[in-house]
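Please look over the chain below with its charged pairs, its ligand site and its strands in mind. A short briefing on these topics comes after it.

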Amino acid sequence: MFRPRPFALERFFAKHEFSARRLLCSSDCESMSVRELLALEPGSEESLLSLRLGYTETRGAPALREALASRYEGPGADGIFVHAGAEEALLNLFAATLSDGDRVVVATPCYQSLSELPRALGATTLPWHWRIEGGRWILDPDELAPLARGARMIVLNLPHNPTGGTVSPSDFAAIVAVARKEGCILLVDEVYRGLELRETPRLPAVCEAYERGVSLGVFSKNAGLAGLRIGWLASRDRELLDAVAAFKDYNSICSSGPSEVLALVAARNYDILGNRARALCERNLDAFEGFAARHPDFVEWTPPAGGSIAFPRLAAAALGRFGDAGALAERLVSETGILLLPGALYEADAARFRLGFGRADFAEGVAELEEWLGAGSGKGPAVAP
Ligand SMILES: Cc1ncc(COP(=O)(O)O)c(C=O)c1O
């Protein structure tokens, strides 16, 4: 019976996302109005208004698939498969390819769908652990070969939610070599691709690097258009995409027509949107790093290499003061309306919390957090040891 466990992070957001005043943990970058988006492309307003609201093509509007395909070398428009967000693409892909007893290597911790959907489909998930080495988050490719033996799929997310980690181009090539040796599917969730920070090199998309590679993309993160609910799979493996199509007939069937028109504008202006988000993320990171340097008794900081998320740890003194990141988050949101996301929601170290630095009011939120820490309420009461 396919019954995934509740999505811990979504349940947490369901409680707080639309009531908290300052979201310091969102993964999506600052959004924009429909008007602002349409202004990027002359004539697009008329395309939207004259659209007939019938069903659309299951794999996505041809013009949208062409525009997305132009961003990759290899798959072409036939290798692009549009979905209702990255989330639907994940469900359709896993359901179409995995069954009882399959072995699936999953880089861990992770966005819950990446491990929970394979598990709920009966696969055995084998965690490949992110860890900190030399002051940055790493995945050791030497650990992959034994884990991947006989695997049906390897699941990665680069840049990574929640750590902001990535791998070097040579380690990426080593990962692809392991997948090729095993002949397994290599899914790379690339929803934060394009948000490489501070000169971090951009990796090739896995659909370019590997014939059984599947790239997952979406407009939610660096394009700031989560409400479009438009994501896509890109792959050169046509059989795999055919299997996904057969499953999608039982899911959304096709994407929202108006969203596809807007997504086409976004696809044609992807670099403008992405560069804007990256500049904002880098400015916000500077603000947080200033805060972290002033408050070593509050936070231990490991900088992200990419994406709009980081995964800092509460320092020992802060753990003594607040308990863990879950207790801190509950207290902070109730006293100030500032939202942080507890690391325990990733089944990870409860002293960590997720920071999301893609929003325009992030620096103001950090200033408010700093004020709260310095004022009476943030200072106490200490929890019992
Ligand atoms: C790594 C990762 N994959 C997939 C998704 C799902 O994206 P969407 O909500 O746009 O469907 C998210 C959203 O946070 C994510 O962080």
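The points that follow are grouped by topic, after a note on the model and its conventions.

This is a predicted model, in which local features need pLDDT of at least 70 and side-chain atom pairs count only at pLDDT 80 or more, while totals for chains, interfaces and linings use all residues. Residues are numbered from 1 along each chain as its sequence is written, and side-chain values use heavy atoms, with hydrogens and water left out. Helices (H or I, at least four residues) and strands (E, at least two) are DSSP runs, numbered from the N terminus.

**Salt bridges**

- Searching the whole structure gives 24 salt bridges, each being a side-chain nitrogen of Lys or Arg within 4 Å of a carboxyl oxygen of Asp or Glu.
- E116 pairs with R5 in one of these, where the closest N and O atoms are 2.8 Å apart; this pair links distant parts of the chain, since E116 belongs to helix α6 (residues 112–120) and R5 to the segment before α1 (8–16), 111 residues away.
- E116 is buried at a relative accessible area of 5%, whereas R5 is partly exposed at 44%; buried means under 20% relative accessible area, exposed over 50%, and partly exposed in between (1.4 Å probe, protein chains only).
- E116 also forms a salt bridge with R119, with 2.9 Å between the closest N and O atoms; the two residues are three apart in helix α6 and are therefore separated by about one helical turn, and R119 is partly exposed at 33% relative accessibility.
- R152 and D102 form a further salt bridge, their closest N and O atoms being 3.9 Å apart, and this pair too links distant parts of the chain, with R152 in the loop between α7 (144–148) and β7 (153–157) and D102 in the loop between α5 (85–97) and β3 (103–108), 50 residues apart.
- Within that pair, R152 is partly exposed with a relative accessible area of 30%, while D102 counts as buried at 17%.
- A network of salt bridges links R21, R22, D361, E364 and E368.

**Ligand surroundings**

- The ligand has 14 residues around it, of which N161, D189, Y192, S220 and K221 come nearest; a residue counts as near a molecule if one of its heavy atoms lies within 4 Å of it.
- An oxygen atom of the ligand lies 2.7 Å from a polar side-chain atom of N161, and ligand oxygen atoms also lie 2.6 Å from a side-chain N or O atom of Y192 and 2.4 Å from a side-chain N or O atom of S220.
- Taken alone the ligand exposes 390 Å², and the protein buries 93% of that, with accessible areas computed by the Shrake-Rupley method with a 1.4 Å probe.
- Helix α5 supplies the largest share of the shell around the ligand, three residues.

**Strands and sheets**

- Strand β9 (residues 213–218) is mostly covered, with six of its six residues buried; G213, S215 and G217 lie on one side and V214, L216 and V218 on the other.
- Strand β8 (residues 185–189) runs parallel to β9 and is joined to it by four bridges, with D189 having L216 as its bridge partner; two strands pair if DSSP finds at least two bridges between them.
- On β9, strand β10 (residues 231–235) pairs in the antiparallel sense over five bridges, and V214 stands opposite S235 in β10.
- A three-stranded open sheet has the order β12-β16-β15 with antiparallel pairing; β12 (309–310) and β15 (341–342) stand at its edges with a single partner strand each, so one side of each is left without a neighbour in the sheet.
- Two bridges join β12 to the antiparallel strand β16 (residues 353–356), and I309 stands opposite G356 there.

**Backbone geometry**

- Most residues other than glycine have a negative phi, and most peptide bonds are trans.
- R229, in the loop between β9 and β10, has a positive phi near 55 degrees and is partly exposed at 38%.
- E347, in the loop between β15 and β16, has a positive phi of about 55 degrees and is exposed at 71%.

Methods
A polar contact is a pair of N or O atoms within 3.5 Å; within protein, one must be able to donate a hydrogen and the other to accept it, and residues adjacent in sequence count only if both atoms are side-chain atoms.
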